[in-house]
Amino acid sequence: MKMGENTTKNHLPPQAFSVSVDTDPQSDSKWFDDDGRPKRTGNVWTASAHIITAVIGSGVLSLAWAIGQLGWIAGPAVMLLFSFVTYYTSILLSACYRSGDPVNGKRNYTYMDAVRVNLGGVKVKICGFVQYVNLFGVAIGYTIASSISMMAIKRSNCFHQSGGKDPCHMNANPYMIGFGIAEILLSQIPGFDQLHWLSLVAAVMSFTYSTIGLGLGIGKVIENKRVRGSLTGISIGTVTQTQKMWKSFQALGSIAFAYSYSVILIEIQDSVKAPPSEAKTMKKATLISVVVTTLFYMSCGCFGYASFGDQSPTNLLTGFGFYNPYWLLDIANTAIVIHLVGAYQVYCQPLFAFIEKEAARRFPDSDFVTKDIKISIPGLRPLNINLFRMVSRTIFVVISTVISMLLPFFSDVVSLLGALGFWPLTVYFPVEMYISQKKIPKWSTRWLCLQILSVACLIITIAAAAGSIAGVIDDVKTTKPFKTSY
């Protein structure tokens, strides 16, 4: 069995059994797609919701800080550059969902499937390693971010009640554990096709807290009666020359992380119905998503920097740059937590699917791995429980939560994840697969342009990774494991 194929046979829609007397050989097309899987129902709006849920995440909160390191010229320019590169390479990647014919060709169900068909060899293993390490890292980053937002709610109320006299320090661990428990429960959702409702809720939440952050930023600029910041970013004196260099590199990683969703694009595309072709639907969904997120990013990042200048916090809403109105901060941070609960699942589902398909391939005769237990619920569809799915996903969430308690560095982890995932997953593999799929001649003008794009993004990734690692090293020196407080 190849990875990407179904490992169970009991997930047919209930309606399929009610038409079993139909002798029309074409009747199955009502319930199944051309690959024999249940009919896909996604469209441009559900795909956009998935993308926005994945993109407008905790990364938006560090953009004011990122622009602060780069300044008014380089900051917005780099953000626009990343948005264009992400959109363009996403279009290249979506063209690789089907092999051969873009309408009727064989489907590639996952990012790794597309790499296997188009590139093959050792590149498949490299891609799998980078992709799944990146997804695992995102789970850690989102656990850290959610705990910070939960503590911010508690701290803002504490700060308000004490009139600013109590520093309101608290331990992050209970909040990370609480987030982990919620994810253990939600991780039992079998796959992407059942996540539409969660993605829509999370997308609404992301707009909520981004809008509040934007509104508070505008209000702060009006209150200051001037726009803070400089053309070249944080000034020497506030930081040393060396620190400015590393922080500028780190800022590239933060912006890259804010646009990182290519890693799950194929999985999102596999939930989309046809016709029209999946590539056309994803092209529209990608354009909508990138335009919307870039407008939000530019607004939140620029107004945040205009509000605080060199003092821009690494996390706009939880850096306590805003003390009032505290209830509005509470709403924003609650929205962040709800969004991250959904985004965690959107990012981790491909990793869950890979683990379960590999287990089914290695142990096809094991009831623990492949058998579903049906539990009847009055008035609802029977609930299918897979023991391996329940155990493996629970272990995954526990491990990611424990690591989060060991490495609670929000801005540095975000920057490092963005740096490590940007070039290989967003640029290199999509470019190489597209060249292979379309059989673009080597040394042709188009081939050269694509290679120049890839090399330029590699240089940016190396610089961003170096800055992020320097930041993590500094944080490790001052942090005690499991004793992090804010």
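This note sets out points on the cavities and helix packing of a predicted model.

1. Cavities. Two cavities of 30 Å³ or more are counted in the model. The volume of the largest cavity is about 50 Å³.

2. Lining of the largest cavity. The lining residues are N134, S260, Y261, S262, V263, L417, G418, G421, F422, L425 and T426. Helix α14, which spans residues 410–438, is the greatest contributor to this lining, with six residues. By class, the lining comprises five nonpolar and six polar residues, and no charged ones.

3. Description of helix pairs. The points below use two quantities, since packed helices are described by the angle between their axes and the distance between the axes.

4. Helices α11 and α13. Helix α11 covers residues 326–362 and helix α13 covers residues 387–406; their axes come within 11 Å and cross at roughly 130°. Because of that angle, α11 is oblique to α13. The crossing in which α11 passes α13 is right-handed. On the α11 side, the contact is made by Y344, C348, Q349, L351, F352, I355, E356 and A359. These residues meet F388, R389, S392, R393, F396, V397 and S400 of α13. Sorted by class, this contact holds nine nonpolar, three polar and three charged residues.

5. Helices α6 and α11. Helix α6 (residues 173–186) also packs on α11: the two axes come within 10 Å, with a crossing angle of roughly 45°. The angle makes α6 oblique to α11. Here too the handedness is assigned, and α6 passes α11 in a right-handed crossing. From α6, the residues F179, E183 and L186 meet V337, L340, V341, Y344 and Q345 of α11. The class breakdown for this contact is six nonpolar, one polar and one charged.

6. Helices α3 and α10. Helix α3 runs over residues 63–94 and helix α10 over residues 278–308; they pack at about 180°, with 10 Å between their axes. An angle over 145 degrees counts as roughly antiparallel, so α3 is roughly antiparallel to α10. The contact between α3 and α10 is made up of 19 nonpolar residues, nine polar residues and one charged residue.

Note on methods
Residues are numbered from 1 along each chain as its sequence is written. This is a predicted model: local features need pLDDT of at least 70, side-chain atom pairs count only at pLDDT 80 or more; totals for chains, interfaces and linings use all residues. Side-chain values use heavy atoms; hydrogens and water are left out. On a 1 Å grid over the protein atoms alone, a cavity is a set of points where a 1.4 Å probe fits but cannot get out, and a pocket is an open set with protein on both sides within 12 Å along at least five of seven lines; lining residues have an atom within 4 Å of a point. Grid points are joined across faces, edges and corners, and a volume is the space filled by probe spheres set on the points. Helices (H or I, at least four residues) and strands (E, at least two) are DSSP runs, numbered from the N terminus. Ala, Val, Leu, Ile, Met, Phe, Trp, Tyr, Cys and Pro count as nonpolar, Asp, Glu, Lys and Arg as charged, and the others, Gly among them, as polar. Axes are lines fitted to C-alpha atoms, for helices over the stretch in contact, and angles run from 0 to 180 degrees between N-to-C directions. Angles under 35 degrees count as roughly parallel, over 145 as roughly antiparallel, 65 to 115 as roughly perpendicular and the rest as oblique. A crossing is left-handed if the near helix is turned anticlockwise from the far one by less than a right angle, and right-handed if clockwise. Contact means heavy atoms within 4.5 Å.
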